[in-house]
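Dear colleague,

My notes on it follow directly after.

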Amino acid sequence: MSATTPTAPALLTLKSVSKAFGANQALTSVDFEVDAGEVVALVGDNGAGKSTLVKAIAGVQLCDEGAFYFRGEMVKISSPQDATALGIATVYQDLALCDNLDVVANLYLGRELFTRGPSRAAYLIDETAMEQSALELLDSLAVTTIRNVREHVGMLSGGQRQAVAIARSLLGEPSVVLLDEPTAALGVSQTEQVLELIHTLRQRGLGVVVISHNLENVFAVADRIIVLRLGRRAATFDVRGVSREDVVSAITGAEFGVGAGLSKESA
Amino acid sequence: MSDDRETPLRTNGPIQMVRDVGRKLSQGEAGPLLVLLMVAAIWTFFQFQNDRFLSPGNLTNLMLQQAAVATISIGVVLILLLGEIDLSVGAVSGLCASVMAVLIVNRGVQPVLAVVIALGLGAIIGLFNGFMITRFRIPSFVVTLAGSLAWVGLQLYVLGQTGTINLGDNFVTALTNTFFPPLIGWAVAVLAIALTLGFALLGRAHRRAAGLQVGALRGLIFRIAVIGAAFVALVFVMNQDRGLPLVVVIVFALALAFAYLTERTRFGRHMFAVGGNAEAARRAGIKIDHVRIMVFMLGSTLAAAGGVLAASRLLAVNQSSGASDLLLMAIAGPVIAGTSLFGGRGTVWSALLGAVVIGSIANGMNLLALASSVKFIVTGAVLITAVTIESVTRGRRNSGAIE
Ligand SMILES: Nc1ncnc2c1ncn2[C@@H]1O[C@H](COP(=O)(O)OP(=O)(O)O)[C@@H](O)[C@H]1O
Ligand SMILES: [Mg+2]
């Protein structure tokens, strides 16, 4: 697991990120870091700024201020392409899938494979190669619930759609995966499958950031918990040796006793 | 590899096949089949009313009449796939045809060059539409509705005092007045069938070699047989009259090219993505505004091409070229034949099928010498029925996602 020594730079580090929507200060000077092979849970009440932070990292919604470091080097993320190029993949809360396209087309959207040889000049999409590697990818993630990769995504269940979205994020061989509320809309067994998938990602050495409202899920998958409250980083916990009550207190801002593994930030 | 995954083509005997068709029908995805049934019903009805309806002469006329509409409709399909609308295709077709006619007749420009200029004008108008829609975020129906007024005005200005320009005998009029001798017609049909079958078998072999599941050969043969029978019947009937019209081949070639663009290329895939979920497309790194602008350019260019074909058929251009119910027919056709008004679903072939359906109704009602009032009401009723069916089945399709 990730033994983050203070000297070794984390995989991805954010310093003093701020973002305002008009008068609404969604993020105020938030620091954030995730290491390779680590699952960080980003928790907080509705409107705490979790999605805004993730969107800033993903390059879909730029922050007003803040510095980004990738493997210790300062980087600029000003578009989704920038984030992708760095190896940051995002699974959005609204999944961002095209219901009218099949599983293969969604997996490869924006990076379709072309056939080689003379037909390359005709911009022919290589459906065969895409379908083959889609099947391999789903197999490697042990996704067994998607039986037909030529089915339109609109016909799939919530868990299947989530699996497609996660698999899609992995196609570019990213080193960081951001998941916004991956289990929010799912039933019990589908949630299990997604948590299983997150474990697989960590085993592969990826840095994983999971936003979740569900503390049970957070405790099941996360190594560290970062709490946002009213746009500020309110607390950071190591899951080993912290109680659910402590996390809830940090989320709601209630007074609480100093528990094990707690490090309250001065916000 | 994964044996538990089935391809959609896999069927377990006739019962399963019937069940699949039923499921597709109820989900509004059996487009071509449903439309063919609709055509059969319409043709049977009009044949009973007037036995000249299915005569080779009338069917050939139907093809010639609908070539322009079908061409415009191909462009409309592209725009509908994005979830947008272009209400100026009728006006653009009239304006571009008028410019072409003025260039040929009044300015002595080479007909081929005049056609190229007309198409270029269409592309520029489409660029303007796309620019207004993407840059200023004006809904496409507003931009194109306002545009259509302006283009009609420009058409009247271009045509000037006389109002009508006769094209005479040239490249343009030859487009819809050229017919192939019977043997060439048959050769075209055989070639078309051979290519369809060849590509289907090639694709199948390719999938099999890659270790992917392939559908039952029976299904493929059935499809090719239906397509082949349609080609043979078409050429047979056309040969009874003047022969296979050049313009039918042109429209088919256009449809084939745009079917390829939409279904086999990256650009086409991105069109479907923008129409299905523009935000998802944007996050996938697709430059959605580029796609929109390109598609509006293609739509207007095809409208201009349709205008050229309409002028060719009429042997002239006048003040009402592109006016009347042309716009309605060009949009209604693909929608009746299964292209969604809500974006992301449809095929280029629906432009051709839709043109046949709408054209059959109009042609049949003309043969029965019905009043314009009746014709408008019937066409409107057919359109609203088709849209309602689409809307209802769309709801059912989406609810399929809930477990
Ligand atoms: N696009 C937006 N425009 C205006 N305000 C926004 C926008 N997105 C988020 N906000 C506001 O920013 C704050 C943080 O939102 P968000 O990051 O979505 O919270 P969370 O994901 O933690 O529930 C909220 O007050 C929300 O209303
Ligand atoms: Mg959120």
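In this predicted model, a polar side-chain atom of Thr52(A) lies 2.5 Å from an oxygen atom of ligand 1. Taken on its own, ligand 1 has 550 Å² of accessible area, of which the protein covers 62%.

As to secondary structure, strand E2 (24-34) and helix H1 (50-58) of chain A are the elements that contribute two or more residues to the shell around ligand 1. The most comes from H1(A), which gives three residues.

The residues surrounding ligand 1 include Phe21(A), Asn24(A), Ala26(A) and Gln61(A), together with Asp45(A), Asn46(A), Gly47(A), Ala48(A), Gly49(A), Lys50(A), Ser51(A) and Thr52(A).

Concerning confidence, the model has an ipTM of 0.86 and a pTM of 0.86. The average pLDDT of chain B is 89, and 90% of the residues in that chain score at least 70. Residues 1-12 of chain B, however, have a pLDDT below 50, and this stretch makes 33 contacts in the model beyond near neighbours in sequence.

With kind regards

Notes. Residues numbered from 1 in each chain as written. Chains lettered and ligands numbered in written order. Predicted model: local features only at pLDDT ≥ 70, side-chain atom pairs only at ≥ 80, totals over all residues. Heavy atoms only, no water. pLDDT = per-residue confidence, 0-100. Contact = heavy atoms within 4.5 Å. Near = heavy atom within 4 Å. Polar contact = N/O pair within 3.5 Å; in protein donor to acceptor, adjacent residues only side chain to side chain. Areas by Shrake-Rupley, 256 points an atom, 1.4 Å probe, with all protein chains shown as cover. Helix = DSSP H or I, 4+ residues; strand = E, 2+ residues; numbered from the N terminus.
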